[in-house]
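This report walks through selected local features of one protein model. Please have the sequence and the coordinates at hand while reading.

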Amino acid sequence: MAGPGLKDATAIVGIGQTAFARHLPESEKALACRAVLAALDDAGIAPSEVDALASYTMEETDEVELAKAIGAGDVTFFSRVGFGGGGSCATVAHLAAALATGQANVGVAWRSRKRGSGPRPWTNTTAQLPTPAQWTRPFGLLRPADEIAMLARRYLHTYGATRDHLFNVALACRNRANQNPAAIMYDRPLTREMYMTSRWISEPLCLYDNCLETDGALACVLVRAERARDCRRRPVYVHAAAQGLPAQHHGMVNYWTDDPLTGPAWTAARLLWKRADFGPEDIDVAQIYDAFTALVPLSLEGYGFCDRGEGAAFTEGGALEIGGRLPLNTAGGGLSEAYVHGFNLITEGVRQLRGTGTAQVPGAETCLVTAGEGVPTSALLLRS
């Protein structure tokens, strides 16, 4: 994906989203259709031209229902990516590969989710546990928060990081959400006192270390580069993409590897930068998957912004704020805008490179977007 033959061969030309809330009355299918139609309108492309679809294996709205509802034409490529938030960027990567190789002409990727008003996945006690969960849930690691808390504790112990470093991540995301009227936390500032006195969710992760629970949907539209120049909006090119599943990986807790803190980001990053014409030092703005604050220092290290063990210190001194070393999650991310399995990080990356962000990084031309760290993952390099 996005190797030499795919570099800058396709572009994102439309983005769309619904409102975000703890509860929305529409069904997931209705939300998906609204987001897709908004993205197509943003691109100036008719629904009948859509012939490629990509989403998540966890997506409840299937391709048949979506295609019928929006009025798509004959669909010649469709793909789904597993592992929840780890698949976000891969949906775009799969479409880019399909378009660049002539399998289709207009691709739509989307995610619709009613996580705010719907059930929590781990509450289903009737289903047989998958093999990895048989080594965690019977021993008290019931939720993703519990599993990531294990990694966070190991990271804090190994490298001397503190909760103040995790607060730096939460604060940067909240500050950007406070500039974004679409964010759930738009009018709710965060202080250090609020953070330090909030309740534990799974120690050492407190309330503000955890992502939001959100209803909402998002989508984006891709076409080949030659058509992108004639679309309604400024194109944002898919410069490179990669997926990563390390050897002997064990979801989130990563029990079986020699070093649990060397997660899927490291595997994806090696191929991502190899395929790119620029490196971490050239990134103007980043959208880093933030289901939990602890994932950000791990990702900063994995994607090469700092050395091993330095991700926590990287967050100091306002480094993640506008004007800092690496402005991060500029719409608020999963911690403070909305949590829809990371798809809002993709759409915000597009806005930044269009120059239309609510917390715009001046002159941004390059953006790294990452999917979930701790699970088989994916990443994109976007450029204007």
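In which loop is F83 found? F83 sits in the loop between β3 (77-81) and α3 (88-100). The model is a predicted one, and the values below are computed from it.

F83 has a phi near 70 degrees, which is a positive value in a residue other than glycine. Q248 also has a positive phi, near 60 degrees, and is not a glycine. The loop that holds Q248 runs between β8 (236-244) and α8. Most residues other than glycine have a negative phi, and most peptide bonds are trans. A cis peptide bond leads from E203 to P204, with omega near 15 degrees. P204 is located in the loop between β5 (200-202) and β6 (205-206).

Relative accessibility is given here for some of the residues in this report.

| Residue | Relative accessibility | Class |
|---|---|---|
| F83 | 54% | exposed |
| Q248 | 58% | exposed |
| H341 | 4% | buried |
| C89 | 0% | buried |
| C220 | 0% | buried |

H341 belongs to the loop between α11 (333-336) and α12 (343-354). Its relative accessibility is 4%, so H341 counts as buried. In sequence, H341 and F83 are 258 residues apart, while their C-alpha atoms are 9.9 Å apart in space. Which residues does H341 touch, not counting residues up to four places away in sequence? They are Y56, M58, G84, G85, S88, R111, R113 and Y289.

**Cysteines**

How many disulfides does a search of the whole structure find? The search finds 0 disulfides. A disulfide is a covalent bond between the sulfur atoms of two cysteines. For C89, the closest cysteine sulfur is in C367, at 9.3 Å, and is therefore too far away for a bond. C220 is likewise in no disulfide, and the cysteine sulfur nearest to that of C220 belongs to C89, 9.9 Å away. C89 is buried, with a relative accessible area of 0%, and C220 is buried at 0% relative accessibility.

**Nonpolar cores**

In soluble globular proteins, nonpolar side chains tend to be buried together. The largest nonpolar core in this model has 66 residues, and the members that touch the most other members are I12, L222 and L382. Leaving aside neighbours within four places in sequence, L222 is in contact with residues including T10, A11 and I12, with V92, L95, A96 and L99, and with N105, V106, G107 and V238. Another core, of 30 residues, lies apart from the largest one, and among its members are A21, V108, A219 and V221.

**Packing of α8 and α9**

Helix α8 (residues 264-274) packs against helix α9 (residues 295-302) at an angle of about 35 degrees, and their axes are 8 Å apart. The crossing of these two helices, α8 and α9, is right-handed. On the α8 side the contact is made by A265, W266 and A269, and on the α9 side by L298, E301 and G302. Sorted by class, the contact of α8 with α9 has 4 nonpolar residues, 1 polar and 1 charged.

Terms used. Residues are numbered from 1 along each chain as its sequence is written. This is a predicted model: local features need pLDDT of at least 70, side-chain atom pairs count only at pLDDT 80 or more; totals for chains, interfaces and linings use all residues. Side-chain values use heavy atoms; hydrogens and water are left out. Axes are lines fitted to C-alpha atoms, for helices over the stretch in contact, and angles run from 0 to 180 degrees between N-to-C directions. Helices (H or I, at least four residues) and strands (E, at least two) are DSSP runs, numbered from the N terminus. A crossing is left-handed if the near helix is turned anticlockwise from the far one by less than a right angle, and right-handed if clockwise. Contact means heavy atoms within 4.5 Å. Ala, Val, Leu, Ile, Met, Phe, Trp, Tyr, Cys and Pro count as nonpolar, Asp, Glu, Lys and Arg as charged, and the others, Gly among them, as polar. A nonpolar core is a set of buried Ala, Val, Leu, Ile, Met, Phe, Trp, Tyr and Cys residues joined through side-chain atoms within 4.5 Å. Buried means under 20% relative accessible area, exposed over 50%, partly exposed in between (1.4 Å probe, protein chains only). A disulfide is a pair of cysteine sulfur atoms within 2.5 Å.
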